[in-house]
Structures are given as C-alpha cells and as structure tokens.
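Here's a quick briefing to read alongside the coordinates.

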Amino acid sequence: MSDCVRYPAPGCVVEYMEGNAVQIALITEEAGGRLRLLLPNRRETRLNASRLLPWLGPLHGADLGRDEAVRLLEQHKKCREDLASDVPVMDVWELAQGEVNVAPATWFAELFTSDPSADQVSAYGRALLACKSHFRFQPPDFQVFPADMVEKRLVEEKTRLEREALIAGGAAFLRMLWDVACRKRELPPPPAEGASSGEWPSADVAESLEEVLRSRMVDPEGQEFDALWRTLGKGLPDVPHLPLQLLVAWGKVPPHYNFWLDRAGFAPGDDWWTAYRDEVDALVHAAESGQMPDAALFTPAAPTPCMCDDAAASIPAAAPAISLLFEPGPLPESPLPFVSIDSASTRDVDDAFHVQSTDDGYLLTLALACPALYWRFGGALDRAVLHRGTSIYLPEGDCHMLPEVLGTAAYSLLAGTPRPALCVEIPVDAHGRYGSCRTYLARVRLAANLTYRDSQAVLNAQSEGVALPDNPAAAHAGQLSVGLELARKRQNARIEDGAVVMDRPDPVISLEGEGADVRVHVGPDYCAPDAQMLVAEMMIVASAAVAHWARERGMAMLHRVQDVVLPREYAGVWSTPQDMTRIMRALTPSGLEVQARPHAALGLDRYTPVTSPLRRYPDLVNEAQVVHFLCTGQPRWSEDALVSLLHALSPALDGAGQVQRFRPRYWKLLFFRQQGDKVWWSGVITEENDAFVSVSLPDQGMFVRGRRKLFDDRAHPGLQVDVRIGKVHPLYNEIMILEAATTG
C-alpha cells in the first residue's frame, strides 16, 4: 500500500519550496493550518499549510524523538534525491504528450510505478520541477508543454544560460581591456588551449563577447544586444566608439581600423566578387569581343526570389518583346584620337575627350567607358555592385565599386586598347553655350592616357612660348589648348547662369608604416588648375547635355539636384576661405532624385551624372538608360521603376559617403596629434561669434575652432592668424585651438 497521505498531521513528512529549492521537514505541531516543522539541521520553523507541496507522507509516529526524527528526514531526503536523479523526465514528457494537459505528480509516477510510495511521488515532483522547459508547476498540478512550446523554451533557456555566462565571464574582461586601451597595463597572454585563466573568459564566452563588441561597433544604436551591452558596460566610461577601442585592445582589429566600412557594409579589397566569377568572366569576354550585345540583355528577367524587394522593383515583372535597332555584329570603330587626363595613380579611366574648333565654336566628343552595354541588371553581381554604390578613395587604398578586372582593366579606357564606349558629341558655340548632343555607341582606342601634371606642364609651356618635347602630353598640345579654351568659355557661361565655383585645392594625405607605427603626412598636391578645370568642365557639360537629350525623348533619369536660390552676387570663382565659408552656408547639399530640378552651384537647370560609370552606380544606371534607348528605341526603366531603384541605392550611397568624409578626416586629425601641440599653423578666420572663432587651415584642408577669449579684439573673417593645436582625439573627432596669434 502507498504511504502517501492526504492531510498534514504531526509526524508527517512534508516538502515546501524555499529559495527555488525543495526543502524537506517533519510536522511536529499543527493548529488551524499553521504548522511547526522540524528540519534536517535540527532547527524548527513555522509555515502555513498552504505552502506545502502537494505530496505528503509518509506519516510517522507523532511521539518520535528529535534524534529519530532527524535520522528519518535524512533518510527520506537522500532516498528522494537518488530517485529523482533516475526519473526519465523526457520519457515522462513523451508519454504525457497527447494524454493530459495537466496532472498531479502522482499521475506521472504511476506511469512507471504501480502504487508509488510517497518518496517515489516526491522524486517525480522534484524531477518535473527541475525540468522547466517541459513542465510548469501550477499547484497542485503540473502543466505539460506541447512540442512547439518546449522548443521555444529550450531556446530561451539556452539564451539565458549563455547570457549569464557572458555577463559573469565578460564584464571583468571588458574592464581589463579598457585598462589596456588606456595604457594602464599590458594585455596578459591568453591561456594555452585547454587551460584556464582568471583574467581570460572561456572560449565560448570570448566568441560571444567578440560578437557583441563587433555588433555595437557597427551599429551603436542597434537593439539586438542593447540590454546585454548596458549590463556588460557597467563601470566602463561612456565614450564614443568604446566597442572599437576594446576590440583594438584585445587585438581583434588592428590600430586605426576603418570601422566606417563595416557600418556601410562595404567589403574592402578585391575578393568580394569571387562568388560571381561566371558573370564577371562573361563581361570580360563581351568587352574583348567588341560585338554588339545580344537581344537577351535588353529583355528584363522576372525578379528572382533572392532579390530584395527594392532591387526587384526596379525590374519589370514581365518581359516584353524587344526589337533591336541594330544588326548583330561588331561595334563600329571610332576614328577619333581620344585622350584622357587623370591623376597618375588612376587605373579606372572612365572618360576621355576629343575636341576640335569649328566655324562657330567647338565640337566636343566625350568617350565614356561603357560597362552598361553588357551589364545584367538584377543579377547577383548587379545586386552586389548596387550595395557598394560607388568607389571609395582613401589614403590607405582604393575600394573600387566594380571588380578590378572590370573597372581597371576590361572596361577602363586604357590607351592603345579597343574598348566599348558611349560617345557624346556636343556642339559648343563661341560663347560657351552647348547645343543638342548626339549619342552613339562605338569601339574607341585612346591615343593617350595623360596625367594632370604633364598636361598642366604643357599648358604652362604654351602660355610661356616654350616646348616640352620629352613630356608625354606634348604630342597632344593642340587638343589641350583647344580644350582649355572651351573649358574657360564654358565656365564663364555657367557663371553667367549663377554658378558658384570653389577654387579650393585638396591636400594630399599619405601614410608611412603600418599598424600602431603609421605616420601621417599632409601636404599640398601638385598644382594643375587648368588641366583640372578642362576635365571638370567637359564632364559637367556632358552630364548637362545628356540630361537635355533625355528630356527631349521623355526619358526618366537620375538627376543630381541642388534646388536653392542664391543671391546673384554669389556667382563666380571663389578662393578665399572666408568667402567660401560664407557662400557654403547658403548652399544645401545636393541630392539624387528622379525628378529633374536645378543644380544651383553648377548653374544648370538639370544635371544627369553619366561620366563615371566605372565608379558610381547612378552613372551606370543613367548610361544604361541611354544605351537601352539607342539599342531599342525605349528606356530600360520607367520613372516609377527608377524611384524604386533609388530607394534601394540611397542607403548604400549614404554609407559610402560617410566613409569618404570621415576616414580622411581621421587621418588628418592623427597627423595633427602626431605633430604635437608646440607647432604653429597658418590660418584664416572664417567665422566668429561671442563664444567661438572658426579658423581655416588651407594647407591642411581643415577647419578648427577655439574659444573667443583666445583671440584679440581684431578677430574677424579674413584675418590671418597663427594657431597652436591641442586636445586632438582622432577617434572622437575632436580638435581644438589652444592658442592664437594675429599675423594679418
């Protein structure tokens, strides 16, 4: 017979919960639901009968001596603990599935034992209490969780345990890393594999900790680890980029790590595209073949399931029949001897020009690299390139938008090698006003890839009446001369239309050494104002002319817009820091839109970027619109489709733009910190108020500010000053003036 009993009475063995653990006791007195209990440690306590667990017994004599009672309690406790460890909890849950939703402990014990004893019932109760993932105790019964709930609770339990382990093993380690970051101590060597260390967390905890730090470095406002990070970070300072500093101290990322690339989701280097090798190889072959594209390229495919909604929306769901306007065969050859002008380090040459004088002005023809001719929009490679959005040029190296085998080789306009091109022929009159352009596809062979330095030297020599026979650009002196003449007239025409030209040379940032030992040098670039203006004006007029060409045909395009009204007196070329600062205050940042609106700074009523398809995805899209129209008589995308595409593209451009802005500034700030606070720097005051004075350092391309009290009463925009710099923290983007002296 079972020794279980129904009601508590003196001499009855009972159990209750205390501190989330089962406690065993013997009733010595009972009165109106109030119990006096003897515990195995010989102490006594009082308890309401309502707190007892719903399995009672066995019932011993009420006149037991204390020693005998304690001995019995210890026997029952050991027996129940041993029995509980042998309970097949998973088998119990499997048998209960589909049979009951709730049941008492006795029911579960009876699944495996006939007429179970009080100790056996207690053992099952204890085992079910411990298995919180499968059972819930709802006195006096246990709820049996269904399989889907069990799976969810197991995941939650695993997460909870990992979180507790992470907090226990990670918080102290992070504090130690902060001491390393502050150079208060050295990072201790990690323990040998399989060994333990008081300062290093376990391998599993370290892996989770690194995941948390990297996630917070990339997305400081992210919610995934927000609560966990607040717990781990207790006792650490609230400083910018703390996770990055801890990762550097840990050695997980190198000193001066470019976390901005991570935030933009922009893979550095040139191995990001290897998963798309077949597409890349096909594009290389197409460029080398010099053939007109196949009709299949102009028939949009239906979106594949792996495409993001925004990218898929840019492609029509249906595939209408396409009639090509050309016969299959090779691209026509252009006889024009195009030349390009770029920096000496440029490898992605995406534009070249040929210009000649005419009776009433000039005829300018631009050859633009044409990857769009064979590009498969909507494919895997296209989605990856769209996610990059643009090339990024940094002191530590370039990050190209396209695979380098395409952008710097197969489609780059390299001299002497035939390349597919979109040609834009633009008439420009003697006053610098352009007319309707003609666009066509051709295979071009550049006569030369010139540099700004060589081209400027030839232009200077022409103005001085001397010859430079050894200069590679000398053979193209006529092109350069006519091109500069056209560029000057174009710039004057734009200024008449309200254009604002900022003559602000950018300094060159160069790095020497690696890791923590890197040294930064910031200095003026070589001066090539005429050669740079020549190229800039040709690119501007090409983009403006194509914008009007598209409007005449009712084509939607991506436009660069800066729709702001400027005072008429702002038009012109500006070179002094104070003037440029004053005018920049009136300008709003330009933006990319489908609706054509004016671009104030350029003095244009519409501007469609199209001249850099190797470097910028918007230019690739605009070029594709033109190419598609030339080949089929209709654009590739409607206006609505371009709006959808822009929604997918804008975040990528924003992220890459942050990299391009903040990373060079970081190196400049490091340069100032490396120079120390004893150096005086020449500058010009650009703004001042009662609290602060802003100073431009033109040679370093930096703006700094200091408190008004550091400057004398003569401080005003345009005043020449020397300043001493301090409080520089590159990672925090901090730099302040420590001392100022008037020199003007």
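The largest nonpolar core takes in 102 residues, and F353 and Y617 have the most contacts inside it. Helix α16 (residues 529-552) gives this core its largest share, 12 residues. Keep in mind that this is a predicted model.

**Cores**
- Beyond its neighbours within four places in sequence, Y617 is in contact with F377, D382, V385, L386, G389, M401, L645 and L649.
- Another core, of 39 residues, lies apart from the largest one, and its members include L174, A249, V253 and V659.

**Confidence**
- Mean pLDDT for the chain is 92, with 96% of residues at 70 or more.
- Residues 301-319 are below 50, though the stretch has 32 contacts in the model beyond near neighbours in sequence.

**Salt bridges**
- There are 35 salt bridges in the structure.
- E68 and R71 pair up at 2.1 Å, N to O; they sit about one helical turn apart because they are 3 residues apart in helix α1 (residues 66-85).
- R230 and D226 pair at 2.3 Å, N to O, and being 4 residues apart in helix α7 (residues 226-232), they are also separated by about one helical turn.
- E44 and R36 meet at 3.1 Å, N to O; E44 is partly exposed at 35% relative accessibility, and R36 is partly exposed at 21%.

**Surface**
- L95, L111 and F112 make a nonpolar surface patch with about 240 Å² of accessible area together.
- L111 is in the loop between α3 (105-110) and α4 (118-130), and its 32% relative accessibility counts as partly exposed.

Key: Residues are numbered from 1 along each chain as its sequence is written. This is a predicted model: local features need pLDDT of at least 70, side-chain atom pairs count only at pLDDT 80 or more; totals for chains, interfaces and linings use all residues. Side-chain values use heavy atoms; hydrogens and water are left out. Patches are made of residues with over 30% relative accessible area and no salt bridge: like charges are joined within 9 Å, nonpolar side chains (Val, Leu, Ile, Met, Phe, Trp, Tyr) within 5 Å. Accessible areas come from the Shrake-Rupley method with a 1.4 Å probe; for residues, only the protein chains shown count as cover. A salt bridge is a side-chain nitrogen of Lys or Arg within 4 Å of a carboxyl oxygen of Asp or Glu. Helices (H or I, at least four residues) and strands (E, at least two) are DSSP runs, numbered from the N terminus. Buried means under 20% relative accessible area, exposed over 50%, partly exposed in between (1.4 Å probe, protein chains only). pLDDT is the predictor's confidence in each residue, from 0 to 100. Contact means heavy atoms within 4.5 Å. A nonpolar core is a set of buried Ala, Val, Leu, Ile, Met, Phe, Trp, Tyr and Cys residues joined through side-chain atoms within 4.5 Å.
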